[in-house]
Amino acid sequence: MKSPAAACLLAALLLALPVGAATRDEDPTEALVRHIAKDLRCAVCQNQSVYESNSDLAKDMLRVIRDKVREGQSEGVIRDYFHQRYGDYIYLEPTTGGMNRLLWLGPFVGLLAGGWALLAAMRKWRAKPTATPGNDPPPAAPDAAMQERIRQELEQMRL
Amino acid sequence: MNGAWKIILLGVVMAILGLFALGLENDPRNIPSPLVNRPASDFTAPALNGGQPVTLSALRGKWVLVNFWGSWCVSCVAEHPYLMELAQKTKSRPDFVMIGVDFRDTPAAARNFLARHGNPGYPHAMDPEQKIAIDWGVYGAPESYLVDPGGTIRMKHTGPLFPGWFEARALPLMEGGKTP
Amino acid sequence: MWIEIAHFATLLALFLSLLLFGAPLAGMRWNNMAWVRVGRQAAFWACALLTLASAGLIISFMTHDFSVKYVAEHASLKLPTFYLATAMWGGHEGSLLLWAWFLSLFVAIAAWRHWDTHPVSMPWVLSILGALQVGFLLLVVFLSSPFVRLLDPPLDGRDLNPLLQDPGMVFHPPFLYMGYVGFAIPYAFAMAALITSQGDGEWILATRRWTLFSWIMLTIGIVFGAYWAYYELGWGGYWAWDPVENASFMPWLTGVAFLHSVMVQERRRMFKTWNLFLIITTFALSLLGTFLVRSGVLSSVHAFATDPGRGVYILMFMTVLLLFSFGLLTTKSDQLQGATQLESPWSREFSFLVNNLFLVAGACTVLLGTLYPLAVETLSSAKVSVGAPYYNKVFIPIMLGMLFLMGVGPCIPWRAASKRHLRREFLVPAIVGIAGLPAAWMLGITHPFGLAALALVLFVSTTHLRDVTGNVRLRMARDSLSAPAALWRMVGRNQRRYGGMLVHFGILIMVAGFVGSGLFQEERNLFLSPGDSLRLGDWNLTLESMGQTARRNWQAEEAVIRAERPGETVTLKPQKRVYNEHSQPTTEAAIHTTWREDLYVVLGDPVKDGVWAFRIYRNPLIAWIWFGSGIITLGVSLAMLQGRRPQRLST
């Protein structure tokens with residue numbers, strides 16, 4: 001006993017399958033299905049998209065997307081359909097408004113702030129008068145072996 | 001390291017730890033559904049018992065508890081005794097009905113489940129490809145929705161209904177709903 | 001029987017770890033070296049006992065002792081022997097024991113190797129590592145015990161999760177754990193240096209090999225995981241940016257930052273506090289990630305089975321560790337004021353600093369993306385997802401900056417570079433990189449990140465190749481050697497430098513793989529019945545037949561597909577397996593790998609009699625990712641060969 005919708009889908013699939021061996025290519029709508037399904041989260045998975053997940057829910061969601069694409073619905077309409085039912089959670093790519101700006105801009109702001117701090121520190125370090133422009137004195141309390149190593153290193157600083 | 005950096009560093013560490021502490025309290029089941037307070041989307045689906053198809057809008061005028069379940073679902077077994085009890089207890093209420101939506105399931109398996117764990121008696125809609133379930137924003141089973149007499153979803157409960165759920169959660173809404 | 005021995009051994013090891021923690025402290029308090037030696041012996045014996053415990057658990061698996069709960073849940077009579085032994089780390093409890101065993105092993109090695117060379121810091125190192133070991137063993141013994149017996153043992157077990165019955169998954173966790181746990185040693189030395197106020201960098205020299213070892217183990221672990229995801233999960237990709245993956249990637253990034261930044265401290269005695277910060281962060285992130293995954297804070301919606309007690313314990317452990325480490329860093333670091341003197345931003349020191357900035361920003365991005373959903377969920381009533389599209393848009397540009405610095409760092413001189421020098425080193429590579437842009441455009445790369453990545457790959461490989469050929473030529477002229485001999489001697493004299501360059505080449509190869517597979521993947525999703533064929537790229541694929549096949553613990557539907565292109569014919573056999581004890585079928589993708597591309601076929605569900613759904617992918621250059629990681633391993637091994645021999649300045 002199948003639901004009418006399932007029966008319809010099956011019938012549609014069967015009609016789409018010509019008899020006998022042939023060279024096949026995927027349905028032309030499949031690219032759009034893939035595009036939509038790759039940006040929607042499989043609701044029960046850890047960060048996997050509907051397209052990539054093997055879970056039952058993802059397979060059924062993919063089928064719903066496919067039906068809607070074949071009915072001629074646009075990407076925006078289909079995304080809205082899932083968003084109305086599952087909320088922001090369904091978008092793998094978070095929206096750019098509101099609090100999410102922190103998420104999108106934070107890394108770049110951090111990078112700029114870090115770069116600025118580096119340059120500021122650089123200016124400070126350069127301003128510091130350096131006693132000897134040569135090599136730093138050896139560390140305070142290394143053992144004799146360490147001293148020897150440093151001496152060797154200093155000696156070898158020529159190619 | 002100067003003072004500002006120390007404060008930032010320790011602040012970030014404390015913030016992350018605090019987040020975890022609060023996160024431990026999070027109930028992963030507690031997912032707010034954007035469907036609450038929106039009109040429930042109607043469905044008509046074949047009934048499990050083979051009788052008349054189950055139509056949600058035919059139940060307008062009553063509070064409807066829509067319970068999504070499947071014979072493959074382990075937590076549904078745990079929930080089942082309460083559903084039996086609730087169905088028994090509310091049989092006489094004129095303003096409350098229950099329906100089940102059995103999704104991703106076969107009629108044979110579902111009948112087998114009801115034969116083993118008891119049949120609460122209310123109708124079940126069959127949803128083999130979980131079209132209704134996805135239309136209702138369902139993640140897994142069991143999940144339940146309370147629809148008001150006007151056909152608006154008023155509450156979603158994720159996970160098994162617990163004993164006393166009706167009195168604790170549903171009745172306040174139903175009584176509040178009568179006198180808005 | 002064996003499980004009781006294992007249980008008892010673990011309890012004893014816990015007791016000895018307490019001794020390992022306490023005895024060196026007592027020794028320092030009362031100035032008695034005997035106590036410290038007791039701690040050292042405790043480390044050895046704890047390692048031996050945990051070896052016994054792990055062996056006991058493995059033997060319980062090998063003997064099908066289903067009265068042990070953990071065995072009953074993760075094995076079955078029909079599970080092949082190989083997976084039976086490795087099922088020991090197939091679940092949460094056993095993998096924690098494996099973790100504790102690695103820790104005790106590394107602690108024992110550290111206690112053995114560094115005993116004579118580091119008398120001052122050793123008591124602290126032992127004590128800190130002892131505390132860590134106690135923390136882990138408490139978790140193993142009291143909150144996630146793999147030693148629990150069942151009162152009513154089943155006749156057969158529930159079998160190992162089919163996804164884990166795979167060589168990739170067998171080797172993924174041990175390597176990853178070795179990476180995580182390995183960072184504990186440099187961490188402990190760093191903390192000891194802080195406590196004893198010896199932050200001058202001896203700890204860095206002492207733990208250089210540990211750091212390299214941990215980092216390469218982490219790298220191999222991550223790549224194994226990616227490879228496993230690629231051929232076992234059947235979705236054509238290898239990295240999904242899920243919290244578990246991110247958890248392993250964050251310490252990897254800060255680990256890279258640390259490996260570069262310590263070179264500056266070694267040579268110029270700068271950035272002492274920064275290096276301490278980096279190693280503490282790297283180790284903390286190693287723990288954080290695993291704990292995040294195991295405490296159930298970040299789990300998917302319908303994964304209900306987490307033990308609240310475990311989460312609380314893990315949080316307490318993390319709190320103590322983080323507050324102790326960072327608290328110590330902030331209070332003691334002022335005593336480490338180094339002679340920081342940066343002369344010019346056009347110097348290797350500064351390029352390493354910028355490199356660190358980008359890597360830490362990258363790690364923070366991953367951390368932000370991983371924790372953001374948790375923060376939103378906790379602080380508001382909403383729920384959001386942060387998936388691959390976010391990382392592709394935010395993380396990749398940061399790493400492109402990193403790629404640029406990779407070309408600059410090794411070839412810019414220490415201290416200060418003159419304009420003439422900069423021009424000599426970087427003018428030609430820059431021209432090559434920019435000239436690559438139109439070429440890339442003609443190849444069909446139109447994505448800005450793809451174009452930038454290709455130009456940068458050209459830039460970096462040119463700087464590196466010019467450096468190598470230049471130095472080889474110099475040696476050939478100076479010592480009148482043949483080219484291979486000059487190369488051999490040059491690399492032999494400075495394994496660290498050329499090992500590092502080899503790692504860079506490996507990264508470049510991987511980047512080519514990322515770009516190729518990321519931008520040029522082609523896929524088809526269609527229904528086929530036997531006799532049908534399709535074209536994909538220059539391949540002509542024909543479904544020849546459908547059949548069944550079976551092994552001990554699974555049955556499978558198997559498609560036989562003939563793939564042909566001029567001069568090459570291969571047969572691909574993708575499967576859809578159902579394991580006896582599990583209802584969920586698993587996909588076994590059939591993959592034909594060439595250096596140019598992978599042909600990747602996944603068998604889907606049956607549509608009707610004789611008609612099956614298939615997903616067929618062409619993944620260009622994906623093998624370069626695995627190959628590149630092999631080059632990285634070689635490079636790090638080369639760099640590890642060189643002990644503490646001083647590095648020579650080049651050019």
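Start with chain C, which splits into domain 1 (2-379), domain 2 (403-517) and domain 3 (522-624); domain bounds here come from an automatic or database domain assignment. Before going further, keep in mind that this is a predicted model, where local features need pLDDT of at least 70, side-chain atom pairs count only at pLDDT 80 or more, and totals for chains, interfaces and linings use all residues. As for labels, residues are numbered from 1 along each chain as its sequence is written, while chains are lettered from A and ligands numbered from 1 in the order in which they are written.

Now look at domains 1 and 3 of chain C. Their C-alpha centres lie 39 Å apart, yet eleven residues of domain 1 are in contact with 16 residues of domain 3 (contact means that the C-beta atoms, placed from the backbone, lie within 7 Å). On the domain 1 side of chain C, the residues touching domain 3 are five nonpolar, three polar and three charged. Here Ala, Val, Leu, Ile, Met, Phe, Trp, Tyr, Cys and Pro count as nonpolar, Asp, Glu, Lys and Arg as charged, and the others, Gly among them, as polar.

Chain C also meets chain B: 22 residues of chain C are in contact with 18 of chain B. On the chain C side, α13 (308-332) and α14 (348-379) each bring at least two residues, with α13(C) giving the largest share, eight residues. Helices are DSSP runs (H or I, at least four residues), numbered from the N terminus. By class, that side of chain C has eleven nonpolar, nine polar and two charged residues.

Chain B itself divides into domain 1 (1-30) and domain 2 (32-178), with 40 Å between their C-alpha centres.

Definitions and conventions
Contact = placed C-beta atoms within 7 Å.
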